[in-house]
Amino acid sequence: MRYFDAHSHVQFPQYDEDRDAVLSAMRDAEIGALIVGTDSGYSKGAVDLADGKTLFAAVGLHPNDKPQEGYDPAYYEALAADSRVVAIGECGLDYFRPEDPEAEKERQKSVFQQHIELALRHDKPLMIHARPSKGTMDAYLDVIEMVKGTGVRGNMHFYVGDVETTKRFLELGFTFSFTAVLTFAREYDDVVKYLPIESILTETDAPYIAPASRRGQRNDPLAIPEIVAKIAEIRGEDEDTVREAVLANAIRVFAL
Ligand SMILES: [Zn+2]
């Protein structure tokens with residue numbers, strides 16, 4: 001592998017027409033990926049697609065993609081035991097919708113708590129989706145409150161926290177993955193510059209968030225080199241050095 005996409009959803013139906021072509025282009029470009037589940041079906045789909053060589057899986061229930069689907073402990077326990085599963089998630093807290101009732105936060109917290117325990121039992125890191133309400137860091141602060149002292153490891157997916165919040169996650173030993181948002185928005189540059197390179201991962205969140213060169217189209221893990229190049233540019237570092245470092249981080253964090 002030359003690159004690693006730490007958070008993609010190539011099991012989603014958006015790839016049903018051309019999944020083989022996408023996966024074969026990824027092989028040609030030496031891009032490995034973590035395929036992330038968001039519910040029971042997509043978690044199983046991630047495991048089925050993983051080969052344990054360059055494609056790996058994460059299993060979990062997204063905090064608010066499918067609020068009607070309850071967390072089934074036995075189901076995720078069985079999936080998490082598979083050696084191709086290298087992370088638990090995506091899971092976490094999403095406070096983005098102001099119309100959500102207060103009870104929704106409590107529901108998300110109880111589901112997230114089960115993921116924390118699952119990750120600890122299997123000694124696998126959490127793949128965390130946390131989205132604060134507008135103008136705040138609330139979901140991040142609640143995640144910190146829940147994980148601190150547990151010893152659980154984790155990666156903050158699609159990270160948009162400020163430097164202050166970043167410091168607190170760093171103290172927990174967490175890593176941070178950045179998307180192609182970096183190719184068209186400048187508000188995360190400070191954090192990208194602030195972080196030690198050892199704490200940075202690259203991700204696409206494909207099919208979402210295509211890079212500047214393909215804005216508005218379906219995304220795929222082939223966008224990773226563009227994200228690596230942007231991180232190197234923002235940090236003023238050599239592109240190949242950054243590529244090697246973030247790849248080594250993924251191999252370490254997910255024990256690939
Ligand atoms: Zn995702």
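This is a predicted model: local features need pLDDT of at least 70, side-chain atom pairs count only at pLDDT 80 or more; totals for chains, interfaces and linings use all residues.
In general, strands of a sheet pair through backbone hydrogen bonds, and the pairing can be parallel or antiparallel.

Strand 7 (residues 175-178) pairs with strand 8 in the parallel sense, over three bridges. Ser-177 has Leu-201, in strand 8, as its bridge partner.

Now turn to the helices. Which residues of helix 2 (residues 40-49) are buried? They are Tyr-42, Ser-43, Gly-45, Ala-46 and Val-47. These buried residues pack against strand 2 (31-36), strand 3 (55-59), helix 3 (73-80) and strand 4 (85-94).

Two packed helices are described by the angle and the distance between their axes. Helix 8 (residues 224-235) and helix 9 (residues 239-253) have axes that come within 9 Å and cross at roughly 115°. The crossing is right-handed. Helix 8 brings Val-228, Ala-229, Ile-231, Ala-232 and Arg-235 to the contact, and helix 9 brings Glu-239, Val-242, Arg-243 and Val-246. By class, this contact has six nonpolar residues, three charged residues and no polar ones. An α-helix has 3.6 residues a turn, so residues three or four places apart point the same way.

| Cis peptide bond | Omega |
|---|---|
| Gly-89 and Glu-90 | about 15° |
| Ala-206 and Pro-207 | about 15° |

Glu-90 lies in strand 4. Pro-207 lies in the loop between strand 8 and helix 8.

Positive phi values are another such feature. Asp-123 has a phi of about 50°, although it is not a glycine. Asp-123 sits in the loop between helix 4 (102-122) and strand 5 (126-131). Asp-205 is not a glycine either, and its phi is positive at about 55°. The loop between strand 8 and helix 8 holds Asp-205.

Is Asp-123 buried or exposed? It is exposed, because 10 other C-beta atoms lie within 10 Å, and a residue counts as exposed at 12 or fewer. Asp-205 is buried, because 22 other C-beta atoms lie within 10 Å, and the cut-off for buried is 20 or more.

Methods
Residues are numbered from 1 along each chain as its sequence is written. Axes are lines fitted to C-alpha atoms, for helices over the stretch in contact, and angles run from 0 to 180 degrees between N-to-C directions. Helices (H or I, at least four residues) and strands (E, at least two) are DSSP runs, numbered from the N terminus. A crossing is left-handed if the near helix is turned anticlockwise from the far one by less than a right angle, and right-handed if clockwise. Two residues are in contact if their C-beta atoms, placed from the backbone, lie within 7 Å. Ala, Val, Leu, Ile, Met, Phe, Trp, Tyr, Cys and Pro count as nonpolar, Asp, Glu, Lys and Arg as charged, and the others, Gly among them, as polar. Two strands pair if DSSP finds at least two bridges between them.
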